[in-house]
Amino acid sequence: MRKSFISLIVMMILLCSVNMTAFAHDVPQMDKKGSIEVTMRCEGKPVPGGNLVLYRVGDVSENNGDYSFKLIAPYMESGAELKNLQSQETAQKLADYVKANRLSGTAKDIDQNGQVKFTDLELGLYLLMQTKAAGGYYETAPFLVTVPSMDEEKYVYDIDASPKVEAFQKPDEPESEPQQSESEPESEYESEPESEAESESESETESETGETEGTETLPTESDSGVEGGKASLPQTGQLNWPIPVLAVLGMVLFAGGWTLRFGQKKEKNEK
């Protein structure tokens, strides 16, 4: 009987120790450093380019063996509540506060493999946001990451936050047709300048036909009697070429008349 009682007490002690071991939880190592790694992907493919900016917005808080996170200055006035760290609303509220107050963070470019990694991080709550997206992609939504994070009842200090982020590609913009300006090119509306020959031909035609109405024709150089830069008298309607002709004709007639008269006198003398 006594042996049975002792055996029962031993079994109860063993059960209690097993239960205590089962319900014990891991304790974060406050002096340990951590890291956050992110791989940007779109439909499973890495997206290189752009950046991510890291902000430490919270610190680890302990209360009766329970660990949580609390905001640090200057983020206490952001109004964000850390009840649900997976909430997109909480991350967006902190991101808006960062932009409004122009708070500084640690920015890193995303490499050719679509990866970026922040190392040697103190324990705490971190906000990641993108200020420069890859070409052809939208900026990814801000998100929160805790260092450390609980994984299967154990704290993990090197965090892969890739599942928290996804890149979204912008739709291809259709090629816009060039808009026709209000003022069309002059070549489409104005006629080509007339050649010098055509201009002179038209001028001569107008002067011959006299069809120009309502305008007064200005004299040209030939009309005004300007030759070689010297002024000359304008011509009248008389022509000069008949003068020598008439002179020659007069001399011929004179000679003919004189010959005829001389011949008559000679015939009289002979009779």
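**View 1. Ala-107 in strand 6.** Ala-107 lies in strand 6, which spans residues 106–109. The model shown is predicted. Ala-107 counts as exposed because its relative accessibility is 52%, and exposed means over 50%. Leaving aside residues up to four places away in sequence, Ala-107 touches Asn-51, Leu-52 and Val-53. Gln-130 sits 23 residues from Ala-107 in sequence. In space, the C-alpha atoms of Ala-107 and Gln-130 are 8.9 Å apart.

View 2. Strands of a sheet pair through backbone hydrogen bonds, either parallel or antiparallel.

**View 3. Strand 1 beside strand 12.** Strand 1 covers residues 34–39. Strand 1 and strand 12 run parallel. Three bridges join them. Ile-36 stands opposite Ile-159, a residue of strand 12. Among the elements of the protein chain, strand 1 has the highest mean pLDDT, at 98.

**View 4. Strand 14 and residues 18–23.** Strand 14 (residues 230–231) has the lowest mean pLDDT among the elements of the chain, at 40. Over residues 18–23 the pLDDT is below 50. Beyond near neighbours in sequence, residues 18–23 have zero contacts in the model. Where pLDDT is low, the predicted coordinates should not be read in detail.

**View 5. Residues 186–192.** Here, too, confidence is the topic. pLDDT stays under 50 over residues 186–192. The model has one contact for this stretch beyond four places in sequence.

**View 6. The protein chain as context for the close-ups.** The chain has six helices and 14 strands. Of its 271 residues, 24% are buried. The accessible surface comes to about 21,700 Å². Carbon and sulfur atoms account for 52% of that surface. Take the contacts between residues at least 6 apart in sequence: 66% of them join residues at least 24 apart. The pLDDT averages 76 over the protein chain. A score of at least 70 is reached by 61% of the residues.

Note on methods. Residues numbered from 1 in each chain as written. Predicted model: local features only at pLDDT ≥ 70, side-chain atom pairs only at ≥ 80, totals over all residues. Heavy atoms only, no water. Helix = DSSP H or I, 4+ residues; strand = E, 2+ residues; numbered from the N terminus. Buried < 20%, exposed > 50% of the residue type's maximum accessible area, 1.4 Å probe, protein only. Contact = heavy atoms within 4.5 Å. Areas by Shrake-Rupley, 256 points an atom, 1.4 Å probe, with all protein chains shown as cover. Pairing = 2+ DSSP bridges. pLDDT = per-residue confidence, 0-100.
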